[in-house]
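Q: Hi! I'm new to this one, could you walk me through it?
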Amino acid sequence: MSDRRHPLATLTKMRLLEFVREPEALFWVFAFPVLMALVLGFAFRDRPPDPVPVGVVSGPSAAELTQALGRSGAVKPSAYPSLAEGLEALRTGKIALLVEETAGLGLTYHFDRTRPDARIARLEVDDAVQRSRGRGDPSPARDALVHEKGSRYIDFLLPGILGLNLMGTGIWGIGFAIVNARLKKTLKLMVATPMRKSDYLLAQMLSRFVFFVLEVIVILAFGVAAFQVPVRGSFALLALITVLGALCFGGIGLLVAARARTLEAANGLMNLVMVPMWLFSGVFFSSERFPKAAQPFIQALPLTALNNALRAVMLEGRALPAIAVELVILGAWALVAFAVALKIFRWQ
Amino acid sequence: MTPAIVCRGLEKHYGDVKAVDGLDLEVAAGECFGLLGPNGAGKTTTIEILEGLTAPDAGEVVILGRRWGSHERELRERLGISLQESRLTEKLTVAETLVLFRSFYLRGRDPEQLMADMSLEEKRDARVGKLSGGQRQRLAVACALAGDPELLFLDEPTTGLDPQSRLQLWERIAAYKQAGRSVLLTTHYMEEAERLCDRVAVVDHGRIIAQGTPAELIAGLKAPHIIEFSTEPRVEDDFLSRIPGIGERRQRDGRWLLAAASLAQAVPALLAALDGAGAKLLSLSTHRATLEDVFIALTGRELRDE
């Protein structure tokens, strides 16, 4: 009949419409990861170290010392009228080091040797004072600063956020939609029609894919535009990783929602699945930091595999053979999750 | 012609509770059949077994000459099902919902035509979440009709609707039936059954306790007349039980309803007795018994709790 549309295409389209009409969902999928990257990117952005606060005890040479220290830029001097007040400031951590000059004894640096910023202050203060009083350098030296894009925190973070988002969209997006449909008996109404059950589950995945693609583009574009995060490997490979990651977490989303009868039960299961990966899978810091004994477990997690593969391609420019293991892990998770979900799915 | 529905010895247990307890049923092609009974009588379990959504513990089901085990796909194409308490996706519009359901069937009816039939054209682009109860229910029936089914299952189609919406839905169901299709519906509204159904079965405790056309069931009553009256002061049940020719007695809203085999015998006897007792008659009317009275006569209980 001419008025019939393809059921899979129609299901996918309706699921998309449903999602687009849910403004909160759009926020969590698109705005939230960008905001997170923005905040973290700024918090950890590269910038010159703050000047270390130091104190100068009032005396005949205090003004000259303050001026010399001010010129150095590495320390920030402030004046104290008496030694007692200066030591008080040192004790309470307001300054890292106190400079005192007395006739006869020369310069005295009061500081706590266990504090790294105090040791830096000692070197910087002495250097500034001695230079301003005429010390020369026997061998001239200059600084050549290295600033490598790809080794900053934001470079490490962005692939992690991509991975995190693929996981969240897959598990939350698919899981909640299905449990909700089961709860309202929409699922039951649909299985009472000739609709193919596989069409329904596939449509859930396909409608998600559209968002996976948009999501990845938005986050990547943001990282490249705002922070010049490098993409050294091929985009095709990046796309392959993303698709496998999406399939994998889509499958896990189906599995989590396969039997849950209430939103609470589904939510608990989702947390059980996702929290370990938030912690262990190297989103915010490298998973290598966990003990060696835990590594086989951590490396087998799908989010670890996804994050490692994304970083290898984006930051190190690796090719397919280098990330084959990660792709196999993702594919295996996708297959097993799908197969089990279809087997145990509760339609009513 | 192949009957629309045949089932024999249907049983379904939920723990210790027997929801369906040896139920037999036959619905002819082109017939509108009603399952009547109070809440918890087993109507919904029965209809869901017939719809192939619940597996029975025992018994056999043949729908349109086919069995669920071997011909599920074919049957799904030929049936229309509207479930009790199932909700359609609120974010989709009426038209989108119908296009979606239409897409599930190989053959079916044009969504625009369905909207016209169910008086939903004005709500074409309204989201399902914004519809009234009656509009939602009409949309649910429209979805069930999307595949142009030979047999339509409706589980309490008008429960919770206002009288006008109910009337509107009845007209639509009657029109569908006019086209020679079969309908199985459950209801606890006697008026609905009398208006729509060719035959009805009264279900209680998971079995059928009586079946036939509404007229047959009413005629089968020993006392097919109802006398309704009120007096000042009120009279007691004990007093009425001594009057000859009066059967079942019950009270509603301060009035007595008495079943009687013959009005010519019972009414004069009643009036004489009231007169003798000094009770003043405030109102008196008689009517033919309804399915409601049949149900009360069969079970001793009112059909609805409310």
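Q: In which sense do β8(B) and β9(B) pair, and over how many bridges?
A: They pair in the antiparallel sense over 5 bridges. Strands here are DSSP runs (E, at least two residues; helices are H or I, at least four), numbered from the N terminus, and two strands pair if DSSP finds at least two bridges between them. This is a predicted model, where local features need pLDDT of at least 70, side-chain atom pairs count only at pLDDT 80 or more, and totals for chains, interfaces and linings use all residues. Residues are numbered from 1 along each chain as its sequence is written, with chains lettered from A and ligands numbered from 1 in the order in which they are written.

Q: Thanks! Which residue in β9(B) is the bridge partner of B:V200?
A: B:G212 is the partner of B:V200. In the hairpin of these strands, with 2 residues between them, B:H205 takes a positive phi near 50 degrees.

Q: How does strand β3 of chain B pair with β8(B), in what sense?
A: β3 (residues 32-36) and β8(B) pair in the parallel sense over 4 bridges. There, B:L35 stands opposite B:A201.

Q: And how many residues of β8(B) are buried?
A: 5 of the 6 residues in β8 (199-204) of chain B are buried, so the strand is largely enclosed by the rest of the structure.

Q: New topic: how many residues does each chain give to the contact?
A: Chain B gives 25 residues and chain A gives 23. Contact means C-beta atoms, placed from the backbone, within 7 Å. On the chain B side, α3(B) provides the largest share, 6 residues.

Technical notes:
Two residues are in contact if their C-beta atoms, placed from the backbone, lie within 7 Å. A residue is buried if 20 or more other C-beta atoms lie within 10 Å of its own, exposed if 12 or fewer, and partly exposed in between; C-beta atoms are placed from the backbone.
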